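Subject: Handing over the structure, with notes on what was found

Dear colleague,

I am passing the structure on to you with this message, and I would be glad if you would look it over before reading the notes that follow.

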Amino acid sequence: MKKQLFVLAVFMATGIVAMAQSASKGKKVLPKTKVERESKVSAKNTTSIRAYGKGDQLLNVGIGIGSPFFGSGYAASLPVNPSVSFEKGITDEISVGGQLAYASSKYDLNTAGANYSFKQNAFYIGARGSYHFNELLELAPKFDVYGGASLGYVIASVSDSEGFNGATGSGIGFGLFAGGKYYLSNHTALFTELGYQSLGLLNVGVAFKL
């Protein structure tokens, strides 16, 4: 299952970059006069979509798929891992912020004369930063392609069918990721991120520019 998710995520990320580069190449038409250049710049500033730039505040609300946090034999209590992240652009290439995520899984043991189950919850809180390749790759304005790293702490707890509740397995959480956004408007985009971060291998969702 994880292999299939990885292949799907690579395919989606490759598609986003390919679409962005294709759109960019299709729009490289230089104006012939100064008046045309100024007119084009004015129209771009007032009507076009700018995917990312310095000062932008980005809110990502998504779901994680394929959590590597739990071992074999576990079944997901939730089919997906909800997550939310926020980043602010400090330059036209770099943004920094934080992230929260949650995952839950359970383990059932059914044998002759014995039924036992326990549930494990995991919360992730951490910082993250991204480098945006839009200018470097000369992408169309609707596309934002980036990569980054995250570092934080995973708080884990366990409860079982016999009444036990307690903390277990908490520790440092870190990750690397590559992602892409496609802006539907100046303030709304769809995104996908691939990599080990928070509590999912593949994260997809909706992004908002505040």
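To begin with the cavities, the search comes to 2 cavities of 30 Å³ or more, where a cavity is a set of points on a 1 Å grid over the protein atoms alone at which a 1.4 Å probe fits but cannot get out, and where a volume is the space filled by probe spheres set on the points, with grid points joined across faces, edges and corners. The largest cavity has a volume of about 40 Å³, and of the 10 residues that line it, the closest to its centre are Ser83, Ser85, Gln99, Phe191 and Glu193, a lining residue being one with an atom within 4 Å of a point. Strand S3 (81-89) and S9 are the elements that give two or more residues to this lining.

Please keep in mind that this is a predicted model, in which local features need pLDDT of at least 70 and side-chain atom pairs count only at pLDDT 80 or more, while totals for chains, interfaces and linings use all residues. Residues are numbered from 1 along each chain as its sequence is written, and side-chain values use heavy atoms, with hydrogens and water left out.

As for the overall layout, the protein chain has 3 helices and 10 strands, these being DSSP runs numbered from the N terminus (H or I of at least four residues for helices, E of at least two for strands). Along the sequence they follow the pattern α-α-β-β-β-β-β-α-β-β-β-β-β. Of the 210 residues in the protein chain, 35% are buried, which is to say under 20% relative accessible area, whereas exposed means over 50% and partly exposed lies in between (1.4 Å probe, protein chains only). Among contacts (heavy atoms within 4.5 Å) between residues at least 6 apart in sequence, 61% join residues at least 24 apart.

Leaving aside neighbours within four places in sequence, isoleucine 49 is in contact with Pro141, Lys142, Tyr183, Leu184, Ser185 and Asn186. Isoleucine 49 and alanine 140 are 91 residues apart in sequence, and their C-alpha atoms are 9.3 Å apart in space.

The whole structure holds 4 aromatic pairs, counted when ring centres of Phe, Tyr and Trp (its six-membered ring) lie within 6.5 Å, with planes under 30 degrees apart taken as stacked, over 60 as edge-to-face and the rest as tilted. In one of them, phenylalanine 143 and tyrosine 182 have ring centres 5.2 Å apart and planes at 55°, so the pair is tilted; phenylalanine 143 lies in strand S6 (residues 143-160) and tyrosine 182 in strand S8, 39 residues apart. Phenylalanine 143 is buried at 6% relative accessible area, whereas tyrosine 182 is partly exposed at 29%. Tyrosine 146 and phenylalanine 177 form an edge-to-face pair, 6.5 Å centre to centre with 75° between the planes, and both residues are buried.

Two charges also sit over rings, by a rule that asks for NZ of Lys or CZ of Arg within 6 Å of the ring centre and within 35 degrees of the ring normal. Lysine 181 lies over the face of phenylalanine 191, at 6.0 Å from the ring centre, and the charged end of lysine 209 sits over the ring of tyrosine 183, 4.9 Å from its centre.

Lastly, glutamate 138 has a phi near 55°, a positive value in a residue other than glycine, and its place is in the loop between helix H3 (134-137) and S6.

With kind regards

Notes
1 Å grid on protein atoms, 1.4 Å probe; cavity = no way out; pocket = protein on both sides within 12 Å on 5 of 7 lines; lining within 4 Å.
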